[in-house]
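Q: I would like to learn how to read a predicted model. Where do I begin?
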Amino acid sequence: MATVSLAAASPLASTPRGLAVSTPRTAFLGLRTGGASLAPFPGLAAAAAPPRLPAGRGDAAVARMAKREQELEEIRAMPTEKIEEEVVDLKGELFMLRLKRSARQEFKSSEFGRMRKRIARMLTVKREREIEQGINKRLSRKLDRKWKQSIVVRPPPSLRENKEE
């Protein structure tokens, strides 16, 4: 295997003035390879190729992407009011999950990301609908502020289910 090193010339290690040696005026002399040719690097083609996933992992990624697309279709089928209610419920669930974490109770840590992403998807669909209606960003922020102020605080669905039991 050829070793590759970067060489830099030191002003103290230069040749005496009497000898005429054609050296570049920069301090960087380039790449020096230990016996290997400077022709095309054998690893260059392999580095440019995209990494291959081990067998079976690509299938799981495709399945997750299909599930995400299916979830987006379900969200887009919902009316805007239903999306807003769902966002409020999910934020309540997220709050309950944070309480569980702070109280050191048992919880699934993956739920944080899953809920946050679902909330983000719902708010994205809501914003897409506003853009279709021609609502600009400033007015959207104003409407969003009014919507947040109109929210009636209620327990998240998991607590409601516990009360009913």
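A: Ala, Val, Leu, Ile, Met, Phe, Trp, Tyr, Cys and Pro count as nonpolar; Asp, Glu, Lys and Arg count as charged; the others, Gly among them, count as polar. By these classes, the lining of the largest pocket has six nonpolar, three polar and five charged residues. Keep in mind that this is a predicted model.

Q: What volume does the largest pocket have, and which residues lie nearest its centre?
A: The volume of the largest pocket is about 250 Å³. Its lining consists of 14 residues, and nearest the centre lie Glu93, Met96, Leu97, Lys100 and Ser158. Two elements give two or more residues to this lining: helix H3 (80-102) and helix H6 (157-164). The most comes from H3, with five residues.

Q: Which residues line the second largest pocket?
A: Its lining is made of Arg68, Glu71, Ser110, Gly113, Arg114, Lys117, Arg118 and Arg121. The elements giving two or more residues to the lining of this second largest pocket are helix H2 (57-77) and helix H4 (110-133). H4 gives the most, with six residues. The volume of the second largest pocket is about 210 Å³.

Q: Now the chain as a whole. How many helices and strands are there in the chain?
A: The chain has six helices and two strands. Their order along the sequence is β-β-α-α-α-α-α-α. A reader can also ask how much of the chain is buried, where buried means under 20% relative accessible area. Of the 165 residues in the chain, 19% count as buried.

Q: What share of the contacts in the chain join residues at least 24 apart?
A: Take the contacts between residues at least 6 apart in sequence. Of these, 65% join residues at least 24 apart.

Q: How do I read the crossing of two helices? At what angle do the axes of H3 and H6 cross?
A: Look at the distance between the axes and at the angle. The axes of H3 and H6 come within 8 Å and cross at roughly 80°. Angles of 65 to 115 degrees count as roughly perpendicular, so H3 is roughly perpendicular to H6. On the H3 side, the contact is made by Asp89, Glu93 and Met96, and on the H6 side by Pro157, Ser158, Leu159 and Arg160. By class, this contact has three nonpolar, one polar and three charged residues.

Q: Asp89 is named in that contact. Is aspartate 89 buried or exposed?
A: Aspartate 89, found in helix H3, counts as buried because its relative accessibility is 16%. Leaving aside neighbours within four places in sequence, aspartate 89 is in contact with Arg154, Pro156, Pro157 and Arg160. Aspartate 89 and serine 158 are 69 residues apart along the chain, and their C-alpha atoms are separated by 9.3 Å.

Q: What is the relative accessible area of isoleucine 83?
A: Isoleucine 83, also placed in helix H3, has a relative accessible area of 0% and is therefore buried.

Q: Is lysine 126 buried or exposed?
A: Lysine 126 has a relative accessible area of 9%, so this residue is buried. Lysine 126 is found in helix H4. Residues up to four places away in sequence aside, lysine 126 touches Thr80, Glu84, Asp144 and Trp147.

Q: How do I read a backbone angle such as phi? What is the phi of arginine 104?
A: Most residues other than glycine have a negative phi. Arginine 104 has a positive phi of about 60° although it is not a glycine. Arginine 104 lies in the loop between H3 and H4. The cut-off for exposed is over 50% relative accessible area, so arginine 104, at 77%, is exposed.

How values were computed: Residues are numbered from 1 along each chain as its sequence is written. This is a predicted model: local features need pLDDT of at least 70, side-chain atom pairs count only at pLDDT 80 or more; totals for chains, interfaces and linings use all residues. Side-chain values use heavy atoms; hydrogens and water are left out. On a 1 Å grid over the protein atoms alone, a cavity is a set of points where a 1.4 Å probe fits but cannot get out, and a pocket is an open set with protein on both sides within 12 Å along at least five of seven lines; lining residues have an atom within 4 Å of a point. Grid points are joined across faces, edges and corners, and a volume is the space filled by probe spheres set on the points. Helices (H or I, at least four residues) and strands (E, at least two) are DSSP runs, numbered from the N terminus. Axes are lines fitted to C-alpha atoms, for helices over the stretch in contact, and angles run from 0 to 180 degrees between N-to-C directions. Angles under 35 degrees count as roughly parallel, over 145 as roughly antiparallel, 65 to 115 as roughly perpendicular and the rest as oblique. Contact means heavy atoms within 4.5 Å. Buried means under 20% relative accessible area, exposed over 50%, partly exposed in between (1.4 Å probe, protein chains only).
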